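Here are some comments to read beside the sequence and the coordinates.

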Amino acid sequence: MLLLSLSTFAFSIVYAKIYYHHVFDTELKRLESTVRQISQTVSSTASIAAYLEDKDLANEVVNGLVSNDIILSAALTNKSTVLAKSILYKDKGALSFYLPNPFILQENIGVIRVVPNTLYIEQNARDSAFSSAQTLLVVVLPMLLLFAILAFFLISRPLGNLSKQLASVLPGSAQRIYIDPLNNQNEIGKIGKDINIMLANTETLFEQERSLRIEVEKLEKRFRLMFERSSSPTILVKEQGEVALANDAAKDLLVGMGIDCEERFPENLGQFCKTPDILYTFTENSIKLKQVMQSEFEFTNPLTHSSVWLSLIILNTKSDGQWYFQVFLADITARKSMLNQLSHRAQRDSLTSLYNRYGAELTLMEWIDSETQFSLLLIDLDKFKPVNDIYGHNAGDEVLKQLAKRLGQIVPNTELVSRWGGDEFVIAIKDVNIVKVNHLAQQVLDEINTPVAYEKNGHRLALSVSASIGIAHYPAHAQSLKGLVECADVAMYSIKKTSKNNFTIYST
Amino acid sequence: MKTPFFIIASLLLITSAELRAASAQEIVIVVNKNNPIEKVTHRQLIDMYMGKYLAFPNGHMAITLDYRKEHPLRSVFFKALTGRSISQINAYWSRVKFSGKASPPQAYPSTEAIIDKVITTPSAIAYLPANAVTDELKVVYRFVQ
């Protein structure tokens, strides 16, 4: 405000100065032109005086000129002589007006020299200019003062007041700026109102922000709880394999396997994995494809040397431009062993504990898949039905149990012994040597022919059965399991229908 | 009453006839036959008639003769001499007379009176219509029309 006043003041001074010079110049020109006009007025009389060389007339002209305030001195000369001149006349600064012959206009016969009263003219001009500038200042200065005062009371002070109030307002609080009722309708009031609207908006925003933050904190706490207290082991891994977070369950699991929580993923698990290459490929693929991947791996616990099955789910997430992958671990060892048990049960015959037909088929299919040569012996018991009929089912069961046990003993673990059906057994050995196979078949017959001891109602009984055995070779006799069994069946029936208690190899 | 009207009417007739003759005829400048001057210039004429020099170019005094104010030849002559109207000429003289340095030429009522004066005055100089010139006069200048 002070600056404004000062600059306005300076401007008016400069303007007054310019105005002064302008008026001064104008006045000077005007007076000079007046000198010219006066000189022009007397020029015809002066011409006559010059023509007639009339000194009296010339004196009259000169005196007339000098009687003007603005003319200091004058002289009238014809071609050769000075006809008249006023006292103090000097050539310096004189204006010359040439005089024509009154009767021959193109002829100059003399000259009037007029010296303007420069001092007087300038003084006059200065006075005039000064009074003009003075008038200007007299008008402008009070206006300026009035403007400054009004501006101070109407603008500066209310604005300063607003700014002082605004400085003391705490952002987001319910504080508002007080607006003077005098300013209610003007721009100052409008600024104040706008500030209040802004403050209200700020408060609302702050409030929203605050409640949002509380909500976020609550959620975060819940998520943290969910994550930390989750019974499912979870680790958060950065792209380079650095473990960023591990929940309690994950820590327990890792510590239980003798793994330091700080170790990088997946090397921390891979060192104890039974198939580390598959594990690494699996994680690499998951990271590369950014897909959710799930797989199960078997590990050896270095502390207990027992087998541990872990299920791994890898979930890729991007946060703040950085890729993370969440690894959900689950110890599925118990489930795995249960499944193994179930599968064992499904493949075994509950009476004899040998593979049942399903289990045998699975094994044989594996052999066929790996193109392993083998011989299949289909054993069908003769005279078994009478045992059941005469001595009861328990006796029959006992016979089956005993025979199964004996067969299991004569066949190595690497080969297969199974109960194919009610009184049918299948033995398979990875060998097609006829001598060896025949030898085994004879052994089988011997074992079966050996009577089974059975006690019923205090009576010791010896139950004896025989068997018809058909042999077929894979892949010599058939390419499929079904075909092979059919071949063995054909061979077995050829014995059954003839001699019984014997064996034969399938022949086409 | 009849006679004055007639006189005025005849005077007017004469005046208008003379005026017509004057404007139609050329004006010449004459001097006494015995005057040694043979010729004057237009400029010398101006200076003599406007009161600047009262002498002939040879230095002899000159008496300039003019007609009275109302004479019609006068305005024609001064117009031819200076290019100015008679009223401007009159204003000139009234200004000059005031200082007393110069005086206007002597005035005569008619050409006859002028001729008489020139014949009798050796230093006289006057202007006449060309057809009024007699043998006793010497023409020293002719206005070219």
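This is a predicted model: local features need pLDDT of at least 70, side-chain atom pairs count only at pLDDT 80 or more; totals for chains, interfaces and linings use all residues.

1. Where chains A and B meet, 12 residues of chain B are in contact with 9 residues of chain A. On the side of chain B that touches chain A, helix H4 of chain B, residues 86-99, gives the most, with 4 residues, and by class that side of chain B has 5 nonpolar, 3 polar and 4 charged residues.

2. Within chain B, strand E2 (residues 63-67) runs parallel to strand E4 (residues 124-129), the two being joined by 2 bridges, and here Ile63(B) stands opposite Ala124(B). Strand E2 of chain B is also joined, by 3 bridges and again in parallel, to strand E3 (residues 106-108) of chain B, where Leu65(B) is found opposite Gln106(B).

3. The largest nonpolar core has 62 residues, and those that touch the most other members are Ala49(A), Val61(A), Val62(A), Ala74(A), Leu76(A), Val118(B) and Ala126(B). Helix H1 of chain A, residues 2-52, supplies the largest share of this core, with 12 residues.

4. Which residues is Ala74(A) in contact with, once its neighbours within four places in sequence are left aside? Among them are Val62(A), Leu65(A) and Val66(A), together with Ser86(A), Tyr89(A) and Arg113(A).

Methods
Residues are numbered from 1 along each chain as its sequence is written. Chains are lettered from A and ligands numbered from 1 in the order in which they are written. Two residues are in contact if their C-beta atoms, placed from the backbone, lie within 7 Å. Ala, Val, Leu, Ile, Met, Phe, Trp, Tyr, Cys and Pro count as nonpolar, Asp, Glu, Lys and Arg as charged, and the others, Gly among them, as polar. Two strands pair if DSSP finds at least two bridges between them. A nonpolar core is a set of buried Ala, Val, Leu, Ile, Met, Phe, Trp, Tyr and Cys residues joined through C-beta atoms within 7 Å. A residue is buried if 20 or more other C-beta atoms lie within 10 Å of its own, exposed if 12 or fewer, and partly exposed in between; C-beta atoms are placed from the backbone.
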